[in-house]
Amino acid sequence: MSDRLLELFSTGLGIPAEDLSDETSPSNTSAWDSLAAMEMVTIIEDAFGVRLKTAEIMKMRSIGLARTVLRSKGVEDI
Amino acid sequence: MTVERFRIGVTASFTPTPLYRSLLSTFVSGEEAEVLEADFNLVHQTLLDPEGSLGSAPDALLVLWRVEDIFTQSLVDWVVDAADPVGLIEDVRQLGGLIRQAAAGSKAPVVVTTPPVPVFAWLDPLDTRTSVRLSVLHGRLVEAFLDGLDDAPVTLVDLDALVRSHGVQQAYDTRNDLMYRQPFSSAFTKAFGQLLGEALNSLTTAVPKVLAVDADNTLWGGIVGEDGAEGVIVGDSFPGNAFRALQNGLAYQVANGTLLVMVSKNNDTDVAELFAVRHGDLVLTEKHFATKRVDWNSKADNLVGIAEELNLGADSFIFVDDNDVELEEVRQRLPGVRVIKVTDEPDEIAELTSKLSAFRFAKVSSEDRQRTSMMQVEVGRKAAAAEAQSHEDFLASLGLTVRVFRPQSAHVGRVTQLVNKTNQFNLTTIRRDEAEVSALIASEDHRVYAAEVSDRFGGYGLVAVAIVAAGAQTWEVDTFLMSCRVLRRGVENAVVQCIADDAVEAGATQLAGDYRPTAKNSQVATFYPELGFTETGEGHFEAKLPLDLAPAHVTIERDA
């Protein structure tokens with residue numbers, strides 16, 4: 001099963017997609033620092049054609065939460 | 001094997017990290033490079049001690065800054081309270097001086113931005129109470145900065161020009177600025193990184209020295225040998241204004257030290273006449289050209305000759321032409337030459353010289369770079385000489401097909417057009433109207449031939465016509481002409497071969513033809529002798545049949 005969001009985080013964090021899950025977060029992943037978070041915003045916005053508000057960015061404290069935010073914005077193919 | 005990594009030191013007044021992806025993918029040594037980033041917004045400290053601030057000595061140093069990041073309060077006071085800007089201007093001059101010192105104290109080349117017009121999230125950029133003052137202040141700040149740099153050998157990247165080319169609305173992103181101190185949009189960030197990568201590339205790449213340009217359908221619209229000096233399209237009004245724009249762009253490059261050379265398949269007298277009678281419409285004069293090759297030789301051969309004459313390598317050349325075959329021959333035979341195609345879209349023609357990005361960083365040539373490029377030139381010249389393919393090899397790669405056929409009524413229009421329009425490759429220049437051409441096609445004692453030509457780049461259509469009086473013993477070529485677009489590719493040999501074959505089949509023993517000189521057709525003066533014909537009278541040539549002229553690289557097709 002290909003998971004688009006895991007692939008994007010894999011690119012942004014430089015970690016193989018199979019080592020990522022919805023539980024992956026800054027607290028259990030050292031590569032997810034503030035610069036990586038900034039990079040992920042650009043990657044996600046470009047990939048899904050959305051504009052994230054600051055509050056939405058702040059909510060994305062794990063890959064699962066990022067998925068929830070994108071669903072709430074009507075993004076289907078995550 | 002250890003690979004020495006190229007260390008790019010970065011100090012910036014904003015978060016530079018998002019620039020690295022496009023910067024490293026543009027930079028030719030990007031894969032072997034690592035970035036050493038100084039702490040955020042410590043530009044002054046980094047310049048005073050680059051090695052200490054970056055952790056080790058960089059191989060190149062990028063200094064990226066904006067006025068509103070480093071001198072925030074002075075600028076806000078000036079905007080809000082109209083405070084005296086003298087102190088701010090002096091601070092910016094000192095920053096320039098600091099960069100000059102850092103550049104002088106290190107072997108590493110320095111790439112530095114000139115600042116964009118300041119923006120604030122809270123300030124309407126169209127508020128004229130401030131916007132006009134801000135334009136003036138920005139000019140003074142840039143001037144002071146350059147004054148501080150004092151011609152230090154740094155590479156300038158004009159960040160303001162980049163913002164202008166994107167537009168303020170597209171360039172900035174307030175959310176990113178507030179959250180990450182990263183003031184730019186992601187699209188702008190990508191372009192900014194690319195431009196920095198290009199700036200790094202310019203440190204090791206020689207700037208092109210020669211612009212070699214075609215003439216017909218490049219400097220002007222149309223073909224001077226066919227349309228005449230008065231007929232070609234160039235001037236103040238559409239669409240001639242597109243060619244004038246292109247000529248302005250070339251004149252600008254000449255004024256900035258680039259050598260302009262003309263490489264054109266033409267009679268040089270036609271081109272000279274055009275420059276004489278159309279000087280009011282042209283921007284360029286003959287004086288703009290360092291040298292010219294206006295003849296019927298292969299352009300690749302001519303470029304090799306010019307390179308030898310100027311003692312420059314192929315990698316110093318940019319070749320500009322509208323013709324795919326000319327471009328491809330140069331591409332194949334002189335791989336170092338950069339080639340640029342002129343399209344037939346007026347807007348693209350007008351903008352062509354604005355896309356010569358190889359000249360972007362040309363003005364900041366340091367002594368070092370000149371030495372490097374002189375060495376590259378010498379190496380490149382030898383390599384080009386060793387690699388240059390022959391014209392024959394190139395022809396063989398073209399996959400040329402010539403279809404020779406007897407025209408029908410549907411072809412009368414095009415055949416008549418060629419008969420009346422072709423000046424240069426035309427042995428007798430006998431003009432005829434459609435009725436006369438139709439009569440000859442129907443005639444028992446004449447044969448009219450037409451040829452269509454194609455190669456791997458596509459078809460050229462009906463480009464050659466021959467009219468032959470078919471006598472019992474001797475076939476007399478009355479008319480033989482061809483469009484300049486297919487010159488020097490053996491098409492003429494293929495057509496004569498077909499005529500000779502038909503003559504043999506009809507029982508004739510001899511083929512004959514005339515050359516009648518005109519002001520335009522000197523290039524075919526030796527046409528018959530080169531095919532092995534003997535001159536038996538003034539301009540009259542004969543050959544015994546059969547003939548064996550068909551070139552190996554041409555596929556001949558005959559109608560069933």
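Predicted model: local features only at pLDDT ≥ 70, side-chain atom pairs only at ≥ 80, totals over all residues.
Along the principal axes, the C-alpha atoms of chain A fill a box of roughly 30 × 30 × 20 Å.

Chain A contains four helices and zero strands, and its elements, read from the N terminus, follow the order α-α-α-α. Of the 78 residues in chain A, 27% are buried. When contacts in chain A between residues at least 6 apart in sequence are considered, 52% of them join residues at least 24 apart.

The contact between the two chains involves eight residues from chain A and seven residues from chain B. On the side of chain B that touches chain A, helix 10 (residues 174-180) of chain B gives the most, with three residues. This side of chain B is made up of three nonpolar, three polar and one charged residues.

Chain B is divided by the domain assignment into domain 1 (6-202), domain 2 (210-396) and domain 3 (399-558). A distance of 32 Å separates the C-alpha centres of domain 2 and domain 3 of chain B. Between these domains, 12 residues of domain 2 of chain B are in contact with 14 residues of domain 3 of chain B. On the side of domain 2 that touches domain 3, at least two residues each are supplied by helix 12 (224-227), helix 16 (324-333) and helix 19 (391-398) of chain B. Helix 16 of chain B accounts for the largest share of that side, three residues. By class, the residues on the domain 2 side comprise five nonpolar, three polar and four charged.

Helix 5 (residues 72-81) of chain B has buried residues B:Leu75, B:Trp78 and B:Val79. Viewed down the axis of helix 5 of chain B, the buried residues fall within an arc of 95°, so they line one face of the helix. Exposed residues B:Gln73, B:Val80 and B:Asp81 are found on the other side of helix 5 of chain B. The cover over the buried residues of helix 5 includes helix 4 (67-70), helix 6 (86-104) and helix 7 (128-149) of chain B. After helix 5 of chain B comes B:Ala82, which has a positive phi, near 55°.

Conventions
Residues numbered from 1 in each chain as written. Chains lettered and ligands numbered in written order. Buried ≥ 20, exposed ≤ 12 C-beta atoms within 10 Å, placed from the backbone. Arc of directions from axis to C-beta. Nonpolar A, V, L, I, M, F, W, Y, C, P; charged D, E, K, R; others polar. Domains from an automatic or database assignment.
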